[in-house]
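Hi,

Here is the model I promised to pass on.

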Amino acid sequence: MAEPAGAIGIALLRRHIGRQFERLRVQAGLTQDQAAERVELSKSTLIRMENGTDGVKFRDVQVRHMLEQYRATDTDREVLMALTAETRLGPRKSWWHDYTETSLPPWFAMYVSLEDSAAVIQYYEQELVPGLLQTKSYAERVMQVPPGFVAADEAARRVQARLERQSLLTRPMAPRLEVAMGEAVLHRLLGMGRAIAEEQLQHLLDVTQRLNVELSIVPWAAGMHGGVASGAFILLHFPRDPITDEPLEPPMAYSDLLTGAMYLTKPAEVDSYRLVWSDVQKNCLDPDASRLLIITFLEGLHSDGEPHSRMVQEQPQR
């Protein structure tokens, strides 16, 4: 597996930096002409910076001046100073690794920005309901483990950020979300208490009514499959250029850890996770059968509290 920091492609990083500078300029109410004059750069250089063009230098003094002129927040200053420093020092520096003090850790903030740009999100989870499909109560419970890792006020901010992130699925031009989730997630829900389980199961049924959301369950009966070896991961696929029909960004695999994350952009790395995704899909119940299984768990809460697991054996797989 690739080294986490070294896996971050500089080209992808430059594009991300460029988008952040464009966002700050627009927030400051400046056109490119006005901004170029304000930050003492040629318009062409400013455009190249915002486009993340390879070869553009993000000099420390210049970056500070731009952030000052754009009236950037302290968080934006901290993140962009770290990101631009990475373009000067090369891909082996772990600029993000120890950032854990904000409600949205910078290493995850970068993922959120990339997720926001994705056209298709393929999400494999074996233990938890994916963040984009969590209810508030479920997310609050998740933030409590391990006990003491996240302070109560910080946990509350992270839950709020997670819920706001879910607006991604209902916005205009929303991405397509394809989720493959292990059956263990449903069983673990039953141990979280009836109220949390009932609300979360019903939410899964509701959200999968959306045309851009597909949820499939990997039953225990499937036995071994690629996801067992890989663990949870996300594949992001970016929009295609309307003229060339080529992806605007290469696909990327992402996997988060307790205190950091891995961004995998090398073709061989991404191909490995695509292979896993394909194998997981072959072992999933189809979406209709997955929905029936969730209903079975929900009905079990209203009877003896136990799911009718025999049904798993009877459902067709892909």
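**What I found**

UniProt, in an unreviewed entry, lists residues 21–52 as "domain: HTH cro/C1-type" (UniProt positions are in the numbering used here, feature names are shortened, and annotations may be inferred rather than shown by experiment). Residues are numbered from 1 along each chain as its sequence is written, and side-chain values use heavy atoms, with hydrogens and water left out. Keep in mind that this is a predicted model: local features need pLDDT of at least 70, side-chain atom pairs count only at pLDDT 80 or more, and totals for chains, interfaces and linings use all residues.

Over residues 21–52 the chain is 75% helix and 0% strand, with the end C-alpha atoms 10 Å apart. Helices (H or I, at least four residues) and strands (E, at least two) are DSSP runs, numbered from the N terminus.

Then there is the sheet. 6 strands form an open sheet in the order E3-E2-E1-E4-E5-E6, with mixed pairing; two strands pair if DSSP finds at least two bridges between them. The edge strands, each pairing on one side only, are E3 (213–218) and E6 (261–264). E5 (residues 252–256) runs antiparallel to E6 and is joined to it by 4 bridges, and Ser 255 stands opposite Met 262 in E6.

Helix H12 (residues 267–283) lies across E1, E2, E3, E4 (233–237), E5 and E6, at about 110° to E4. Helix H9 (residues 183–190) lies across E1 (120–125), E2 (176–182) and E3, at about 70° to E2. Axes are lines fitted to C-alpha atoms, for helices over the stretch in contact, and angles run from 0 to 180 degrees between N-to-C directions; contact means heavy atoms within 4.5 Å.

Now for helix against helix. H10 (residues 194–207) and H13 (residues 287–302) pack at about 155°, with axes 10 Å apart. That makes H10 roughly antiparallel to H13 (under 35 degrees counts as roughly parallel, over 145 as roughly antiparallel, 65 to 115 as roughly perpendicular and the rest as oblique). Residues making this contact include Leu 201 and Leu 205 of H10 and Ile 294 and Leu 298 of H13.

H9 also packs on H13, at about 15° and with axes 11 Å apart, so H9 and H13 are roughly parallel to each other. Their contact is made by Glu 183, Leu 186, His 187 and Leu 190 of H9 and Leu 293, Ile 294, Phe 297 and Leu 301 of H13.

Cheers
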